[in-house]
Amino acid sequence: MDIVHNKEKLAQYREKAAFLVSQMTLEEKVSQTLYASPAIARLGIKAYNWWNEALHGVARSGTATVFPQAIALAATFDEDLLEQVGCAVSTEARAKFMMQQKHKDSDIYKGLTFWSPNVNIFRDPRWGRGHETFGEDPYLSGRLGVRYIQGLQGHDEHYLKAAACAKHFAVHSGPESLRHTFNAAVSEQDLRETYLPAFEACVKEAGVEAVMGAYNCLNGEPCCASRRLLQEILRTEWGFQGHVVSDCWAIHDIHDGHQITSGVLESAALAMNHGCDLNCGTSFHFLVQAVQQGLVAEQRLDEAVTALLTTRIKLGVLDEQCSHPYDQIPYSAVDSSEMVRLNRKAAERSVVLLKNRNQILPLKKENLHTIGVIGPNADNRKALIGNYEGTASRYVTVLEGIQDYVGEKIRVLYSMGCHLYKDRTSSLAQANDREAEVRAVCEESDVVIAVMGLDATLEGEEGDVGNEYGSGDKPDLKLPGLQHQMIRIAKESGKPVILILLTGSAMAVSWEEQHVDAIVQGWYPGAQGGHAIARVLFGDVNPQGKLPVTFYRTSEELPDFEDYSMKGRTYRYLEHEPLFPFGYGLSYTTYTCRNLRLYQTDGLTPQGLDVSVEVENSGLREGTETVQIYIGAPGTDAPHPQLKGIRKVRLRPGECREIRFHLEWEAFLLYDEDGKRRLRTGTYCIYAGGQQPDERSRQLTGMDVAHLEMEVYFPQKSIEMNDQK
């Protein structure tokens, strides 16, 4: 599938690109395979820098809306919202691009080819880059990735609004310190069941324009030069028609890190021959020599450059300005009031309420005289933005959001409490230098709001973090530094304590789950995060977020970080009771799901299955429930019931609606050890509700999910026929 779906127009683009390539010298062709592609004036080709980022907003090129980090957007479980955010990002991208072109600025981060989204699976909570992803589940990652790409690329029949890129292909999730040398050893079953589905959806459904190869090797083959990944799976099996880009300087790793080749010349040749078209780095300079020595056929080089020029033609950025539908977007669209409203909405919907003892939340202003706010993330702008971020014109921290919300009628006392991870806030001070201040704030306050967690200086990409942790990965799941001690001091004050976690990953907060009064997972909520969290705390917004990752009790129960087997990982293969399960999140109201039933009497067919469920707001407040469909397959070796459907449903108190889901045939298939999809004979269980069908979710919510059982039997012939669809 290609997002530019007018076949005649697409053929014209490719013909034009091929004609231009036919007029280039070898050196000119090679120059176009580098991320900083120079102009070829005699052919009317302008200089273009391919490197740009849009993980949660236009990044690294000045003012732009900083939306919540990707993991926060994933917590919304809201496909429509993801497309709205993607559309807003590409609107700002077009507006900024036209401004930059007008002023002859074609520097890095100034193009329309965005190396986003990251649809890797958040396999291990210690991975520093996990907050760039949409979580641990292949289905959720695929659905949100598809819609974000559709928002970025637009729906015009002839042109791309921007070009998205699914990364990092494939099987990439740490450790960061080993990524240039690491070989991910993965079974065919885990590869197909877990690591590839989101990429496949991005290619087949969203028509993503680009795919980025990963740094690591997969089963001994470097991902940026993998015949299996780039040719056999991506292009032949999935029919990918776009271009492949290497991760930055990953081709250099082929010889220097993985030691697959003897030097840069062989690495460049291997990557080009196996399907990499564009080099983020400088290794492809050696393709001139590689072609001259017969290591790369010039026809293969022509194919790569043709694909790259086709992308630029689709974007309308190859020639002087053409009649492009997106060129009329004004610069005033950037950072507009509409963007601020969407940003705040996204942040509000991403908040996950993890605990709410005795309904202490929402807070009531009329009952409060003084609020204590403590913690290193309370007034930390870095804890709003995550990584790969733009520059907001205004940042609203949690402290500022609360202050703005309550105004002058309620006193807000503040103490940083402690450094984010060190034992003192000043190098000249003694350890624990803010404890007395924390105690004073708690003594004077009616309620204490403790804002703790991490920021992207602690968890992130190798080379981007600035602390003592190993290359951006977490050493464990504990709150760093003195944060836990500050929470205990707040609890000792006898005042109600509300813990707000600003992190991009799951933390082991078992003591806090037992002792504090409320826990709110705020993620890295974007530039408007403080306003959004304040509105949740005081009840203007009813929380609706759900966890896109499992919160474990301790890192000791996790498999080895370097073990890429899925056994014991994520909700689908978990062997221990979680602290907070995937799919979990409380509300200020309650919902009931019942009467789950089949729509057709003949059960599962190759066309799939329709089910319906009644959803009722059984509480006293209006709210939005995230109805989740899980399918459990027969067999003791089957994964736990897996997410296969999501729907957001807004309901007034007492309102009940029937929601219908279509479940594809593929939702019932599992991969065997050979990587073949099979339909199992036996009893399938289908579940519908606002949570997983697991015991821990039942304990936390006091609610169960609707379920039905269905016997499935297909002759082997039917299975084989439909497995070849």
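Tutor: Helices of at least four residues and strands of at least two are DSSP runs, numbered from the N terminus. In this predicted model, Ala170 accordingly belongs to the loop between E3 and strand E4 (183-184).

Student: Why is the pair of Phe169 and Trp238 described as tilted?

Tutor: Here the centres are 5.8 Å apart, and the planes meet at 55°. Stacked requires under 30 degrees and edge-to-face over 60, so this pair counts as tilted. The pair links distant parts of the chain, 69 residues apart: Phe169 is in strand E3 (residues 165-169), and Trp238 is in the loop between helix H8 (227-237) and strand E8 (243-245). Phe169 and Trp238 are buried.

Student: Which residues form one aromatic cluster?

Tutor: Tyr35, Trp51, Tyr109, Trp115 and Trp249 form it.

Student: Which charged ends sit over the ring of Tyr599?

Tutor: The charged end of Arg597 does, at 5.0 Å from the ring centre, and so does that of Arg660, at 3.7 Å.

Student: Why does Glu513 count as buried?

Tutor: Its relative accessibility is 11%, and buried means under 20%, so Glu513 qualifies. The residue is part of helix H18 (residues 510-515). Leaving aside residues up to four places away in sequence, Glu513 touches Lys355, Ile519, Leu579, Phe580, Arg696 and Leu700.

Student: What span does helix H4 (residues 79-102) have against the expected one?

Tutor: H4 has 24 residues and reaches 35 Å from its first C-alpha to its last, close to the 34 Å expected at 1.5 Å a residue. Of these 24 residues, 18 are buried, which leaves H4 mostly covered.

Student: Which residue caps the N-terminal end of H4?

Tutor: Asp78 does: one of its side-chain oxygens lies 3.2 Å from the backbone nitrogen of Asp80. The cut-off for a polar contact is 3.5 Å, so this distance falls within it. After H4 comes Lys104, with a positive phi near 60°.

Student: Where do Phe77 and Asn358 lie, and are they buried or exposed?

Tutor: Phe77 is in the loop between helix H3 (70-75) and H4, while Asn358 is in the loop between strand E9 (352-356) and strand E10 (370-374). With a relative accessible area of 1%, Phe77 is under the 20% limit and therefore buried. Asn358 has 67%, which is over 50%, and is therefore exposed. Phe77 has a positive phi of about 50° without being a glycine, and Asn358 likewise has a positive phi of about 50° without being a glycine.

Student: What confidence does the prediction carry?

Tutor: The mean pLDDT is 95, with 96% of residues reaching 70 or more. Over residues 716-725 the pLDDT is below 50, and this stretch has 13 contacts in the model beyond near neighbours in sequence.

Notes: Residues are numbered from 1 along each chain as its sequence is written. This is a predicted model: local features need pLDDT of at least 70, side-chain atom pairs count only at pLDDT 80 or more; totals for chains, interfaces and linings use all residues. Side-chain values use heavy atoms; hydrogens and water are left out. Rings of Phe, Tyr and Trp (its six-membered ring) pair if their centres lie within 6.5 Å; planes under 30 degrees apart count as stacked, over 60 as edge-to-face and the rest as tilted. Buried means under 20% relative accessible area, exposed over 50%, partly exposed in between (1.4 Å probe, protein chains only). A charge sits over a ring if NZ of Lys or CZ of Arg is within 6 Å of the ring centre and within 35 degrees of the ring normal. Contact means heavy atoms within 4.5 Å. The expected span of a helix is 1.5 Å times one less than its number of residues. A polar contact is a pair of N or O atoms within 3.5 Å; within protein, one must be able to donate a hydrogen and the other to accept it, and residues adjacent in sequence count only if both atoms are side-chain atoms. pLDDT is the predictor's confidence in each residue, from 0 to 100.
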